[in-house]
Amino acid sequence: MTKASDVLDRVLVLELVRVTEAAAIAASHLIGRGDEKAADHAAVEAMRIAFDDLYMDGTVVIGEGERDEAPMLYIGEKVGGAPGKGPKIDIALDPLEGTTITAKAGPNALAVLAAAEEGCLLNAPDVYMEKIAIGPGYPEGTIDLRKSPSDNVKSLADAKGVRPDQIIACVLDRPRHTDLIAELRSLGCGIVLIPDGDVAGVIATTNPDTTIDIYMGSGGAPEGVLACAALRCVGGQFQGKLLFRNDDERSRARKWGIEDLDRIYELKDLAKGDCIFAATGVTDGSLLAGVKHLKGGKMTTESVVMRASSGTVRWVRGEHHKVD
């Protein structure tokens, strides 16, 4: 059982939903408009403003990039309404996970964030990460990145008591996954190909209604930390290994304190201690419904907020009315 954090107790858990709601609503005005940058900017601006209402001394450890690259919600930026006074909280965030999805009105775009005590979230560089994840209820060690995709599927099938061809995998639809997809299909696996949004893809393994058993493939390392914060709250297994394309990316990792560039990270290496995870749907998806704009300026949102120490998962449906 994860010990409850006295620091996080001072921050109302449900207040974090207000932050993701604000980002989702702002981005929703640009659904289907074909402008990824505008949608992302709107979500970032709204999330930053919403943080100012929280009594905390927050630091962004995973954000929109380094300061020179991101004018707002950059790594190291201070957020919250009580700098130097409130509890020290580390924040991992993605104001709009699925910018392309939003621009094209596709499924599973989210506004997401995770919060933990200072030093409990890996300060992951903005590089790719090889990932594998399954939901709760399986023996520890069921999955292992050191093994082939086929061996992992067979191990999971044995643990589940089914044939390998009855396993459903979720994979990002990218050219780099051509060999992975071919190997999975040679086993007869079903594959859910997603255009973007691998935080939702990892979390989908924890929800039987999605029918997804395993997430495999490479995606953003920061998104891996966010997904692990959610898995810490609801259970599951995760392994990740940073992937570097050049010396610049290796130097960036060392800048953030990562020395073992070949390390395989377990779930609690990426998100440890008591964690809070919050997400609000921007577009409809397998995890959450998207923002709906109704008559009279009314909007509805659907969110989820989870906490590791209690294992509590709260589903929040909000109604928002335009104030003149």
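In the model described here, Ala169 stands opposite Ile214 of strand β8. This is a predicted model, in which local features need pLDDT of at least 70 and side-chain atom pairs count only at pLDDT 80 or more, while totals for chains, interfaces and linings use all residues. Residues are numbered from 1 along each chain as its sequence is written, and side-chain values use heavy atoms, with hydrogens and water left out.

**The sheet**

Strand β6 (residues 168-172) runs parallel to β8, and the two pair over 2 bridges. Strands here are DSSP runs of E with at least two residues, helices are runs of H or I with at least four, and both are numbered from the N terminus. Two strands count as paired if DSSP finds at least two bridges between them. β6 and β8 belong to an open sheet of 6 strands in the order β7-β6-β8-β5-β9-β10, with mixed pairing. Its edge strands, β7 (190-194) and β10 (264-266), each pair on one side only. On average, neighbouring strands of this sheet are turned by 20° against each other, direction ignored.

Helix α6 (residues 178-186) packs on the sheet and touches β6, β7 and β8, and its direction makes about 155° with that of β7. Contact means heavy atoms within 4.5 Å. Axes are lines fitted to C-alpha atoms, for helices over the stretch in contact, and angles run from 0 to 180 degrees between N-to-C directions.

**The pockets**

A pocket is an open set of points on a 1 Å grid over the protein atoms alone, where a 1.4 Å probe fits, with protein on both sides within 12 Å along at least five of seven lines; lining residues have an atom within 4 Å of a point. A volume is the space filled by probe spheres set on the points, which are joined across faces, edges and corners.

| Pocket | Volume | Lining by class |
|---|---|---|
| Largest | About 760 Å³ | 11 nonpolar, 7 polar, 13 charged |

Ala, Val, Leu, Ile, Met, Phe, Trp, Tyr, Cys and Pro count as nonpolar, Asp, Glu, Lys and Arg as charged, and the others, Gly among them, as polar.

The largest pocket has about 760 Å³ of space. Among its 31 lining residues, Asp94, Thr99, Asp126, Gly220 and Glu223 are the closest to its centre. β3 (88-97) is one of the elements that supply at least two lining residues, and β3 gives the most, with 4 residues. Domain 1 (11-119 + 275-320) and domain 2 (128-270) each provide at least three residues of this lining; the bounds come from an automatic or database domain assignment.

In the second largest pocket, 15 residues form the lining, and Glu140, Gly236, Gln237, Leu267 and Lys268 lie nearest the centre. α8, β9 (237-243) and α10 (267-270) are the elements that give two or more residues to this lining.
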